[in-house]
Amino acid sequence: MGSARLTIWTNLLVCVLLLLKTEGGIVPLIRLEKAVSKGAVCLDGTPPAYHFDEGSGEGVNNWIVFLEGGGWCNNVTDCLLRKDTRRGSSDQMTEPRFFNGFLSENQKFNPDFYNWNRILVRYCDGASFTGDVEEVDPATNLHFRGARVFVAVIEELLAKGMQNAENAILSGCSAGGLATILQCDHFKSLLPAEAKVKCVPDAGYFINVKDTSGTQYIEEYYNEVVATHGSAKNLPPSCTSRRSPGLCFFPQYVASEISTPIFYVNAAYDTWQIHNIFARGSADPHGIWHNCKLDINNCSPDQLTAIQGFRTEFIKALSVTENSRSEGMFIDSCYVHCQTETQESWLSSDSPQLANTKLGKAVGDWFYERSPFQKIDCSFPCNPTCRNLAFDQQAHPGI
Ligand SMILES: *[C@@H]1O[C@H](CO)[C@@H](O)[C@H](O)[C@H]1NC(C)=O
């Protein structure tokens with residue numbers, strides 16, 4: 001009797017473990033305590049942190065460093081609101097993390113990268129890993145040190161084996177996608193010279209666009225982010241030598257000078273940009289955009305025209321990158337934000353397709369130079385494969 005019950009429980013346990021295995025198990029958090037002495041810390045002074053799933057087999061010398069996203073903070077008041085959250089303090093990073101999509105350990109769901117060393121670097125600085133201010137105001141205890149965090153984590157990974165990398169990718173989504181663009185050449189310079197290094201920014205191509213009320217809001221906002229965090233010296237010098245540092249936080253003013261091969265993943269109708277920049281709440285006091293923001297099918301003809309205008313601006317801003325053959329591009333017309341981290345948009349039976357190709361396949365083919373991929377989708381609602389991506393910001397923890 002007792003042993004039969006034990007068998008049932010053992011079977012149940014095996015089932016649960018198998019389930020966790022196919023879903024990808026929880027990947028534990030590693031806090032980089034020794035970075036504190038270098039002043040490489042989160043907003044609140046706690047150590048930076050990352051999740052690490054080790055590579056195996058033929059992937060042992062291959063590395064993906066994926067930078068988490070999560071918006072920005074643009075002034076002391078705003079950064080104080082972030083300081084004691086998981087986006088400003090590693091003490092608050094208590095939620096479990098699973099690796100899916102580009103970071104999945106499952107060969108079926110991620111055939112080109114499943115056995116690589118896969119790292120998710122947690123975002124706790126509020127300026128896309130660019131900040132570096134020496135002084136800490138004792139009244140606020142705010143540390144603006146994102147650029148130091150980036151270097152400290154990369155140095156740690158080099159020591160853990162990335163110094164022998166044969167292949168390496170810097171990636172990230174949203175604010176982490178922007179960091180991927182801004183730090184791409186820097187990342188390449190930190191890796192061994194013989195390694196094949198490329199960058200895959202996802203939903204990081206934030207454009208300098210007026211909002212629906214005609215205000216140049218995002219330009220002013222990025223100015224404040226860069227000023228608050230002392231980011232100027234860590235932005236690409238090819239831009240800062242010619243333009244104001246705030247503008248050099250926009251990919252469109254830095255992209256043409258990036259020399260490392262880069263693959264831009266972005267929806268032309270990036271929901272985060274449409275929600276929070278283009279049709280942001282303050283530009284829409286009467287909430288007439290509310291239902292349209294929830295679902296593009298609810299938009300009025302005027303709103304659709306405006307959104308198509310956003311797409312036109314987006315493609316124009318992206319056109320500065322078109323000079324290189326080594327570049328990749330997956331610009332779909334889905335209404336989403338961040339597509340590499342979630343299985344349904346990366347590679348699954350009904351993932352969106354561009355030129356009959358799913359995102360996970362396009363990135364793999366490009367990285368391994370099996371075939372180039374530079375595609376911009378036709379405009380909404382032309383792509384029926386977008387339909388499986390019901391917009392749900394809660395389902396995308398990286399945002
Ligand atoms: C700080 O930025 C926020 C927007 O993020 C704004 O609402 C607030 O007024 C700003 N505060 C100061 C003191 O400038």
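This is a predicted model: local features need pLDDT of at least 70, side-chain atom pairs count only at pLDDT 80 or more; totals for chains, interfaces and linings use all residues.
Residues are numbered from 1 along each chain as its sequence is written, and side-chain values use heavy atoms, with hydrogens and water left out.

How confident is the predictor? pLDDT is its confidence in each residue, from 0 to 100; the mean for the protein is 92, and 91% of the residues reach 70 or more. Two stretches call for caution. Over residues 14–22 pLDDT stays under 50, and the model has 4 contacts there beyond four places in sequence, a contact being heavy atoms within 4.5 Å. Over residues 391–399 pLDDT also stays under 50, with 24 such contacts in the model.

Back to Asp 91. Its side chain meets that of Arg 31 in a salt bridge, 2.8 Å from N to O. The pair ties together parts that are 60 residues apart in sequence, because Arg 31 lies in strand E1 (residues 29–31) while Asp 91 sits in the loop between helix H2 (76–83) and strand E4 (117–121). Those labels are DSSP runs numbered from the N terminus: helices (H or I) have at least four residues, and strands (E) at least two. Arg 31 is partly exposed too, at 30% relative accessibility.

That bridge is one of 18 in the structure, where a salt bridge is a side-chain nitrogen of Lys or Arg within 4 Å of a carboxyl oxygen of Asp or Glu. Another joins the side chains of Glu 68 and Arg 86, at 4.0 Å from N to O. This pair also links distant parts of the chain, 18 residues apart: Glu 68 is in the loop between strand E3 (62–67) and H2, and Arg 86 in the loop between H2 and E4. Glu 68 is buried at 1% relative accessible area, whereas Arg 86 is partly exposed at 26%.

Arg 370 counts as partly exposed at 47%, while Asp 365 is buried at 9%. As for the Glu 68 and Arg 86 pair, salt bridges with shared partners join those two, Glu 95, Arg 97 and Arg 122 into one network.

Now for helix H11 (residues 359–367). It is largely enclosed by the rest of the structure, because 8 of its 9 residues are buried. Asp 365 is one of them, and the others include Leu 359, Trp 366 and Phe 367. What covers these buried residues? Among the covering elements are strands E5 (167–173), E6 (196–202), E7 (263–267) and E8 (328–332), along with helix H10 (343–346) and strand E10 (357–358). After H11 comes Glu 369, which has a positive phi, near 55°.

Next, the nonpolar cores. Such a core is a set of buried Ala, Val, Leu, Ile, Met, Phe, Trp, Tyr and Cys residues joined through side-chain atoms within 4.5 Å. The largest one has 77 residues, and Trp 72, Met 162 and Phe 187 have the most contacts inside it. Leaving out residues up to four places away in sequence, Met 162 touches Trp 63, Val 65, Ile 154, Leu 157, Phe 187, Leu 191 and Pro 192. There's also a second, separate core of 26 residues, which includes Val 27, Ile 64, Ala 203 and Val 265.

Which residues are around the ligand? They are Asn 74, Asn 75, Thr 77 and Asp 78, with a heavy atom within 4 Å as the cut-off. A polar side-chain atom of Asn 74 lies 2.8 Å from an oxygen atom of the ligand. For Asn 75, a side-chain N or O atom is 2.3 Å from a ligand oxygen.

Finally, have a look at His 275, found in helix H7 (residues 271–278). His 275 counts as buried at 9% relative accessibility, and a polar atom of its side chain lies 2.8 Å from the backbone oxygen of Lys 293.

Note on methods:
pLDDT is the predictor's confidence in each residue, from 0 to 100. Buried means under 20% relative accessible area, exposed over 50%, partly exposed in between (1.4 Å probe, protein chains only). A polar contact is a pair of N or O atoms within 3.5 Å; within protein, one must be able to donate a hydrogen and the other to accept it, and residues adjacent in sequence count only if both atoms are side-chain atoms.
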